[in-house]
Amino acid sequence: MGFFDGLLGNASQVNLNEIQKEFAPLLAPNEQIERAYKLIRDMFIFTNKRLIIVDKQGLTGRKVEYHSVPYKSISHYSIETAGHFDMEAELKIYISSSTVPIQKNFNKSTNIYEVQSVLSYYILN
C-alpha cells in the first residue's frame, strides 16, 4: 500500500507473510490468516475461523484493541455507500449476542464492496 493510499483511506490487501508473523500470538492452533486489509492504521484480518478487527488507538498507535468475531456469530451485516454529500461509506457487523453493531467508516474512495465480498465469502462458506 502506498503512503498516499493510506492517507486517502483506501483499504488495500496486505502481504500475508508479514501479517502472519506479526499476529501469530493471536492465532489459535491450526488457524491461518487468509486475507488482510489495512485502512490507515486499522486492519481487517480474515482467518479460516474468524474475523479479527485491529483498532489502533491514540496518537502513537501503541494502544491496540483486537476484536475477535467468529464467523458463526455474525447474524447479519450491512454496508452503506457514500453519497454525493456524504464523505464516508459504512460497514456494520451485527453479532448475534449484541444489539449494537461493530461499525467502521471508510473514506468515499474505498472499495467497500470488496471488503463486503470477502466478509460474505467467509460467512457463507
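## Surface, fold and selected contacts

The protein exposes about 7800 Å², and carbon and sulfur atoms supply 52% of that area. The model is a predicted one. Of its 125 residues, 37% count as buried. The secondary structure consists of 3 helices and 8 strands, and along the sequence these follow the pattern α-β-α-β-β-β-β-β-β-β-α. Among contacts in the protein with a separation of 6 or more, 34% are made by residues 24 or more positions apart.

### Aromatic pairs

A search of the whole structure gives 5 aromatic pairs. Two of them are listed here.

| Pair | Geometry | Centre to centre | Angle between planes |
|---|---|---|---|
| Phe23 and Tyr66 | edge-to-face | 6.3 Å | 80° |
| Tyr37 and Phe46 | edge-to-face | 6.3 Å | 85° |

Phe23 sits in the loop between helix 2 (16–22) and strand 2 (33–39), while Tyr66 belongs to strand 5 (residues 63–70), so their pairing ties together parts that lie 43 residues apart in sequence. The two partners can be described by their accessibility. Phe23 counts as buried because its relative accessibility is 4%, under the 20% limit for that class. Tyr66, at 42% relative accessibility, counts as partly exposed.

In the other listed pair, Tyr37 and Phe46 are both buried. These two residues also belong to one aromatic cluster, together with Tyr71, Tyr121 and Tyr122.

Thr47 is located in strand 3 (residues 42–47). Thr47 has a relative accessible area of 0% and is therefore buried. Its side chain makes a polar contact of 2.7 Å with the side chain of Glu31. Leaving aside residues up to four places away in sequence, Thr47 touches Leu27, Glu31, Gln32, Ile33, Glu34, Ile52, Tyr71 and Tyr122. Two of these neighbours, Tyr71 and Tyr122, are also members of the aromatic cluster that includes Tyr37 and Phe46.

Tyr122 leads on to helix 3, where Tyr122 is buried along with Ile112, Val115, Val118, Leu119 and Ser120. Helix 3 covers residues 112–124, which is 13 residues. From its first C-alpha to its last, this helix reaches 18 Å, close to the 18 Å expected at 1.5 Å a residue.

Strand 4 (residues 50–57) pairs with strand 5 in the antiparallel sense, over 8 bridges.

### Asn105

Asn105 has its place in strand 8 (residues 102–107). Its relative accessibility of 36% is why Asn105 counts as partly exposed; the class runs between the 20% limit for buried and the 50% limit for exposed. Not counting residues up to four places away in sequence, Asn105 touches Leu39, Glu88, Ala89 and Glu90. Lys92 is 13 residues from Asn105 along the chain, and the C-alpha atoms of these two residues are separated by 8.8 Å.

Conventions
Residues are numbered from 1 along each chain as its sequence is written. This is a predicted model: local features need pLDDT of at least 70, side-chain atom pairs count only at pLDDT 80 or more; totals for chains, interfaces and linings use all residues. Side-chain values use heavy atoms; hydrogens and water are left out. Helices (H or I, at least four residues) and strands (E, at least two) are DSSP runs, numbered from the N terminus. The expected span of a helix is 1.5 Å times one less than its number of residues. Buried means under 20% relative accessible area, exposed over 50%, partly exposed in between (1.4 Å probe, protein chains only). A polar contact is a pair of N or O atoms within 3.5 Å; within protein, one must be able to donate a hydrogen and the other to accept it, and residues adjacent in sequence count only if both atoms are side-chain atoms. Contact means heavy atoms within 4.5 Å. Rings of Phe, Tyr and Trp (its six-membered ring) pair if their centres lie within 6.5 Å; planes under 30 degrees apart count as stacked, over 60 as edge-to-face and the rest as tilted. Accessible areas come from the Shrake-Rupley method with a 1.4 Å probe; for residues, only the protein chains shown count as cover. Two strands pair if DSSP finds at least two bridges between them.
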